[in-house]
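Open the model in a viewer and keep the selection panel at hand. The stops below go from the sheet to the helices around it and then to the cores.

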Amino acid sequence: MRIAMVGLGRMGANMTQRLIEGGHEMVAFDLIEEAIKIAEAGGAEGARTLEEVKEKLEPRRYVWVMVPSGDPTENTIWWLSDILDRGDVIIDGGNSFYKETLIRAKYLAEKGIHFVDVGTSGGIWGLKEGYSMMIGGEDDIIQELSPIFETLAPDKEMGWGHVGPNGAGHFVKMIHNGIEYGMMQAYAEGFDIMRAKEEFGLNLHQIAEIWRYGSVIRSWLLDLTARALTENPTLDGIRPWVDDSGEGRWTAFEAIDQNVPAPVITLSLMSRFASRELDSFTYKLLAAMRGQFGGHSIKKVED
């Protein structure tokens, strides 16, 4: 298939590369010229404007948007809606708020443009490991796009699926990230308790490695925790400042709207707020985990 990737940040660039390696033809666009040149060196055909993106695709056109949520996504989709033709397809693979996705899907439908929302997990490791994708949209359009999803996923039949109509993909990804908040918090607190038990002289990295195999709490997050503790066992130089990118807040709001008790997810979000006022190993480890799986920036002591 031939598809355009709009947005060549780390994740968009990695997805472009994985698709090229999977035999797909890629058109690559970004506001940063150097990002386009890197994509071209990897086998993509570069485009310098969104109009040029359209010119380099044959109907039906498939345009994957991979830019930050909020205004960047909003503006990009609106611009594309004025450029693309009826019957073309826009895919939003970012972490958009599902209620905004519903608005965009309705607007695009009125213009005859198909919309697919893809909640994407995999972070900076997706190029190697594949991406987990939760997909919302029309059945026939998603079936058309299945070769793309099969290439990006860890396996053709695993790690991706059509979960419902427009909005469902981003909704499920929102809940996924809310769960992630709670899991990260539990790991960080547990390791902090062990660190505090000084008379045992526990080696936290060793314990993380033990738990990675056979334990009921083994997970990829634990793998990345072990990696972070290998690189910096005492987390020296890391500020205990844990950002939140929105999904945890949205999940907490949704729990309230649906009258569903979600104390672990909600408290893990509140804990991130508290991290910005405290000095704690727990929060340093949380920050280190975010750096491991998502390449998120870590605030250093001097920041």
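**The sheet**

Start by selecting the strands: eight of them form an open sheet with mixed pairing, in the order β3-β2-β1-β4-β5-β6-β7-β8. Two strands pair if DSSP finds at least two bridges between them, and helices (H or I, at least four residues) and strands (E, at least two) are DSSP runs numbered from the N terminus. Next pick β3 (45–47) and β8 (160–164), the edge strands; each has a single partner strand, so one side of each has no neighbour in the sheet. From one strand to the next, the twist averages 25 degrees.

This is a predicted model, in which local features need pLDDT of at least 70 and side-chain atom pairs count only at pLDDT 80 or more, while totals for chains, interfaces and linings use all residues. Residues are numbered from 1 along each chain as its sequence is written, and side-chain values use heavy atoms, with hydrogens and water left out.

Now select β1 (residues 2–6) and β4 (residues 62–65), which run parallel and are joined by three bridges. V6 has V65 in β4 as its bridge partner.

**Helices on the sheet**

Then show α9, which lies across β5 (89–92), β6, β7 (132–136) and β8 and runs at about 15 degrees to β6.

**Helix against helix**

Select α11 (residues 220–231) and α14 (residues 281–294): their axes come within 9 Å and cross at roughly 110 degrees. That makes α11 roughly perpendicular to α14 (65 to 115 degrees). The contact (heavy atoms within 4.5 Å) includes W220 and L224 of α11 and F281 and F293 of α14.

Just after α12, N259 takes a positive phi of about 55 degrees.

**The cores**

Finish with W64, V116, M133 and F149, which have the most contacts inside the largest nonpolar core, a set of 28 residues. Such a core consists of buried Ala, Val, Leu, Ile, Met, Phe, Trp, Tyr and Cys residues joined through side-chain atoms within 4.5 Å. Apart from that core lies another, of 26 residues, among them A188, M194, A208 and I238.

How values were computed:
Axes are lines fitted to C-alpha atoms, for helices over the stretch in contact, and angles run from 0 to 180 degrees between N-to-C directions. Angles under 35 degrees count as roughly parallel, over 145 as roughly antiparallel, 65 to 115 as roughly perpendicular and the rest as oblique. Buried means under 20% relative accessible area, exposed over 50%, partly exposed in between (1.4 Å probe, protein chains only).
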